[in-house]
Amino acid sequence: MADRMAWRSTGTATTKFLKKIEKNWQLLVILFLPLCYYIIFHYAPMYGVLIAFKKFSARKGILASDWIGLKYFKKFLTDPYFYKLVRNTLMLNLLTLIFGFPAPILFALLLNEIKSNAFKRFVQTASYLPHFISTVVLCGMVVKFCEVKGLINDIFELLGGKRIGFLQDPKYFRTIFVLQHIWKSLGWNAIIYIAALTGIAPELYESAEIEGANRFQKIYYITLPGISPTIIMMLILRIGNLMNLGHEVVMLLYNSMLYETADIISTYVYRRGLVSGEYSYATAVGLVNSIVSLILVTAANAVSRRFSETSLW
Amino acid sequence: MLTFDQGKNKDIFNLINGLFMLIIVVIMLYPLYYVGIISISDSQQVAKGRVHWYPIKISFAAYERILTNGQFMHSFVNTLMYTGVGTTINLIMSSLCAYALSRKKLPLNRFFTLIIIFTMYFSGGMIPMYILVMNLGMIDTIWSLVLPGAISTYNMLVMRTFFVNVPEALHEAAEIDGASEFRKLVVLVLPLSMPVIATMVLFYAVDHWNSWFNAMIYLNTNSKYPLQLMVRNLVIEQNYGQYYSGVGREIEDSVAATTIQYAGIIVATLPILLLYPALQKYFVKGVMIGSVKG
């Protein structure tokens with residue numbers, strides 16, 4: 001007690017801080033390895049972004065390579081292909097958002113109307129099975145099903161249509177991409193809404209019924225407000241990832257015939273950087289992507305902070 | 001419970017809704033079922049487009065090609081190893097990080113939390129990461145697969161949320177007994193957090209099991225490939241030459257290609273599907289844990 005009084009009376013902010021370190025050095029030791037991990041595998045690559053402004057030579061290394069300024073950014077931003085890449089990236093992401101985001105909400109609402117608990121559980125369990133299939137297997141199935149002799153064409157023929165090479169024509173790619181996304185994520189993304197639905201007090205429904213509310217009025221006035229915080233939270237999370245969705249999926253599904261609609265910024269970075277070895281140029285392209293997505297997540301967060309209680313930070 | 005709108009309208013709605021749910025179940029389950037029946041049907045029948053509802057002339061020839069292929073089986077073992085080593089590293093690193101950040105006493109706690117969360121929203125990108133892995137000499141080694149993702153910041157924050165909930169009184173009691181911070185993590189916090197640890201094991205392990213992209217860019221040697229990369233090469237890149245049975249049987253082999261590809265899909269998916277009934281409730285729990293804001 002006495003020495004605590006002593007440092008309090010003489011202590012400046014610095015000595016307080018040193019005391020805190022002295023008392024809790026063990027926690028710093030525990031944090032040491034994780035901190036090294038973040039410095040090496042997250043902050044070092046951020047420093048590596050410098051090569052976007054340099055003519056990178058593997059022999060000279062990052063530091064010694066010659067500065068080149070904004071040449072690669074100019075090259076990318078004035079390339080007519082830039083427009084196509086941004087359009088494709090935004091289109092795939094927006095379409096997935098527009099169709100993929102409401103789908104699990106709708107599914108949860110409809111599932112909630114099912115009376116039999118056993119049937120409900122069965123439907124729900126079946127619905128999130130696709131989530132457990134790996135990206136490679138999922139895309140493998142899509143590729144096989146979309147072949148001219150594949151399952152989807154079998155169904156089309158049965159319905160009187162003609163057989164089409166779906167993954168040979170750019171105009172089908174966006175539809176395929178969105179549908180595979182919904183198939184994989186519908187049940188999984190619905191889990192959180194289903195949980196939110198069970199959290200709504202049953203008395204609300206009972207009193208609404210006494211008031212004579214019909215099914216849709218109950219959904220509109222009780223259910224939707226009840227799950228709207230969850231919806232908003234998921235929406236911000238989703239918008240924050242707007243530029244990052246599914247480059248692995250695109251890379252597995254696309255081929256050179258589909259670049260018109262399927263080539264997105266990250267697949268382009270991969271091809272120019274790792275396949276053709278243009279490290280500096282590809283890094284510049286990737287940096288443009290990172291900055292845009294950082295702006296998006298900040299904006300989404302600011303908007304939601306303004307209009308609701310929910311925010312990421 | 002009966003009110004005005006209950007009656008015929010309600011029955012019709014329930015009927016249509018029930019049917020709709022059944023259709024969803026079929027859409028969710030049929031593709032996998034279809035892959036399964038193709039893989040065990042006779043390849044001639046498959047090529048003629050006859051197999052849709054049940055296997056025809058059941059044959060395990062395709063599985064024989066897959067399971068006797070040395071490289072495919074080797075990739076299976078590789079994946080087990082990458083998953084085991086990777087998940088162990090993930091757990092150790094994530095719990096250390098989550099524990100330190102969960103303690104208010106950690107000097108500069110806010111600063112550390114901030115610089116760690118920042119990495120969720122901004123990264124150097126694919127190419128600087130590749131150059132880094134190259135400079136560290138990790139190309140074509142297991143380390144290129146398990147170290148760059150040693151901590152998933154999202155998972156780690158979920159763990160931290162859980163750790164914070166361990167009552168301060170227990171910490172104080174342990175401190176009176178002379179326990180160090182590390183000892184408290186091992187004997188106090190981890191045992192109390194088993195549900196979240198179990199979920200993390202699942203999340204991390206499934207991520208390793210399913211990963212292929214890092215293996216594709218970082219590994220050069222075929223014998224080190226993980227399972228998913230083999231499946232990609234077989235099904236998507238259509239490199240099935242190595243599964244052929246021999247010279248002079250090319251026609252027969254190309255007929256068999258589809259069944260071999262589907263058998264490969266099943267072999268890669270079956271382990272997860274077998275574990276699925278046992279594990280799915282932990283996964284669902286994990287989603288809920290993750291939704292608690294940190």
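## Close-up views of a predicted complex

**Figure 1. The centres of domain 1 and domain 2 of chain A, taken over C-alpha atoms, are separated by 38 Å.** The domain assignment places residues 2-67 of chain A in domain 1 and residues 71-307 in domain 2. Each of the two domains of chain A gives 6 residues to the contact between them. On the side of domain 1 of chain A that touches domain 2 of chain A, 4 residues are nonpolar and 2 are charged, with no polar residue. This view, like those that follow, shows a predicted model.

**Figure 2. Chain A is built from 17 helices and 2 strands.** Its radius of gyration is 26 Å, whereas the globule rule gives 20 Å for 313 residues, so chain A is more spread out than a compact globule. The C-alpha trace of chain A extends about 80 × 60 × 30 Å along its principal axes. Buried residues make up 34% of the 313 residues of chain A. When contacts in chain A between residues at least 6 apart in sequence are considered, 66% join residues at least 24 apart.

**Figure 3. Helix 7 of chain A (residues 102-112) has four buried residues: Pro104(A), Phe107(A), Ala108(A) and Leu111(A).** They lie on the same side of helix 7 of chain A, because the arc that they cover around the axis is only 100 degrees. An α-helix has 3.6 residues a turn, so residues three or four places apart point the same way. The exposed residues Pro102(A) and Leu106(A) are carried by the face of helix 7 of chain A turned away from its buried side.

**Figure 4. Helix 9 of chain A (residues 135-145) is largely enclosed by the rest of the structure.** This description applies because 11 of the 11 residues of helix 9 of chain A are buried. The buried residues begin with Thr135(A), Val136(A), Val137(A), Leu138(A), Cys139(A) and Gly140(A), and continue with Met141(A), Val142(A), Val143(A), Lys144(A) and Phe145(A).

**Figure 5. Gly187(A) is located in helix 11 of chain A (residues 173-198).** Gly187(A) counts as buried because 24 other C-beta atoms lie within 10 Å, and the cut-off for a buried residue is 20 or more. Residues up to four places away in sequence set aside, Gly187(A) touches Gln124(A), Ser127(A), Tyr128(A) and His131(A), as well as Met28(B) of the partner chain. Lys144(A), which is one of the buried residues of helix 9 of chain A, is 43 residues from Gly187(A) in sequence and 23 Å from it in space, C-alpha to C-alpha.

**Figure 6. Glu278(A) occupies the loop between helix 16 (265-275) and helix 17 (279-307) of chain A.** Glu278(A) has 18 C-beta neighbours inside 10 Å and therefore counts as partly exposed. Apart from its neighbours within four places in sequence, Glu278(A) is in contact with Arg272(A) and Gly273(A).

**Figure 7. Chain B has 14 helices and 0 strands.** Along its principal axes, the C-alpha trace of chain B spans about 75 × 75 × 35 Å. Of the 294 residues of chain B, 36% are classed as buried. Among contacts in chain B with a separation of 6 or more, 72% are between residues 24 or more positions apart.

**Figure 8. At the interface of the two chains, 68 residues of chain B are in contact with 67 residues of chain A.** Several helices of chain B supply at least two residues each to the side that touches chain A, including helix 1 (8-39), helix 4 (70-102), helix 5 (109-121) and helix 14 (250-291). Helix 1 of chain B gives the largest share of this side, 12 residues. By residue class, the side of chain B that touches chain A comprises 47 nonpolar, 16 polar and 5 charged residues.

**Figure 9. Confidence of the prediction, with a mean pLDDT of 87 for chain B.** In chain B, 91% of the residues reach a pLDDT of 70 or more. Among the elements of chain B, the highest mean pLDDT, 96, belongs to helix 7 (residues 143-146) of chain B, and the lowest, 78, to helix 14 of chain B. Where pLDDT is low, the predicted coordinates should not be read in detail. For the complex, the predictor gives an ipTM of 0.87 and a pTM of 0.87.

Note on methods. Residues are numbered from 1 along each chain as its sequence is written. Chains are lettered from A and ligands numbered from 1 in the order in which they are written. This is a predicted model: local features need pLDDT of at least 70, side-chain atom pairs count only at pLDDT 80 or more; totals for chains, interfaces and linings use all residues. Two residues are in contact if their C-beta atoms, placed from the backbone, lie within 7 Å. Ala, Val, Leu, Ile, Met, Phe, Trp, Tyr, Cys and Pro count as nonpolar, Asp, Glu, Lys and Arg as charged, and the others, Gly among them, as polar. pLDDT is the predictor's confidence in each residue, from 0 to 100. A residue is buried if 20 or more other C-beta atoms lie within 10 Å of its own, exposed if 12 or fewer, and partly exposed in between; C-beta atoms are placed from the backbone. The arc is that of the directions from the helix axis to the C-beta atoms. Domain bounds come from an automatic or database domain assignment. The radius of gyration is taken over C-alpha atoms; the globule rule is 2.2 Å times the number of residues to the power 0.38.
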